[in-house]
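Have the sequence and the model open as you read.

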Amino acid sequence: EALAEGTYTKAKEWQDGGDALDTLTDEWKKIGYAPKADGEVVWKRFNAAKDKFYDARNNYYKELKQTYNHNLKLKNDIINEAEALKDSTDWKNTAEIIFKLRDQWKTIGHVPSKNSEKLWKRFNAACDTFFDNRKKYFGEREEKEKENLKSKEELVSRIEQYQLSKDNAENMNSLKEFQN
């Protein structure tokens, strides 16, 4: 966020500088002509100073565009990794990887604004798919475990109620039925 504010502040400074230079150019024109020999020298100096400013501003925006495009590639790489993991059933390891991908996502700077929302939606959709599947799996597993517990409690109750007989063969058959 601080980086974003810094980028915005720097862009605003370049915009303000351009506006100030436009104002100076307007003032230059209002002043009127100077003697021809001196006027041409001063005009060349004025234009050279303007060109220096515009070159620096253009370089700034060129570098900013390169940074945004680099960030776009990094975010696309993260999205591709998240989309490859979204159907994983290795719940623990994949969750750790996705949390790391989210942390990486946060450290990458801005991308071109036309791509920002679309990228976030793709990344978030992949993460949500994984976590929704994980939640469903563990919900179903919890229900199955409750059913298993009920079955085990019924079995324990039947064993506790069983009366041993004097016939060992009959007791062994009953034990085998409990095992089954």
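What covers the buried residues of α4? The cover includes α2 (36-85) and α3 (91-107). This is a predicted model. Helix α4 itself spans residues 113-161. Its buried residues are Asn 115, Leu 119, Phe 123, Ala 126, Cys 127, Phe 130 and Phe 131.

| Helix | Residues in helix | First to last C-alpha | Expected at 1.5 Å a residue |
|---|---|---|---|
| α4 | 49 residues | 72 Å | 72 Å |

The buried residues of α3 are Trp 91, Thr 94, Ala 95, Ile 98, Leu 101 and Trp 105. Seen down the helix axis, they fall within an arc of 120°, so they line one face of α3. The face turned away from that buried side carries exposed Lys 92, Lys 100 and Thr 107. Cover for the buried residues of α3 includes α2 and α4.

Now the cores. The largest nonpolar core has 18 residues, and Ile 78, Ile 98, Leu 101, Trp 105, Leu 119, Phe 123 and Phe 130 touch the most other members. Helices α2, α3 and α4 are the elements that each give two or more residues to this core. The largest share, 6 residues, comes from α4. A second, separate core has 5 residues, including Trp 14, Leu 21, Tyr 60 and Leu 64.

Which residues does Leu 101 contact, leaving aside neighbours within four places in sequence? They are Ile 78, Glu 81, Ala 82, Leu 85 and Phe 123.

Note on methods
Residues numbered from 1 in each chain as written. Predicted model: local features only at pLDDT ≥ 70, side-chain atom pairs only at ≥ 80, totals over all residues. Heavy atoms only, no water. Helix = DSSP H or I, 4+ residues; strand = E, 2+ residues; numbered from the N terminus. Expected span 1.5 Å × (residues − 1). Buried < 20%, exposed > 50% of the residue type's maximum accessible area, 1.4 Å probe, protein only. Contact = heavy atoms within 4.5 Å. Core = buried A, V, L, I, M, F, W, Y, C linked by side-chain atoms within 4.5 Å. Arc of directions from axis to C-beta.
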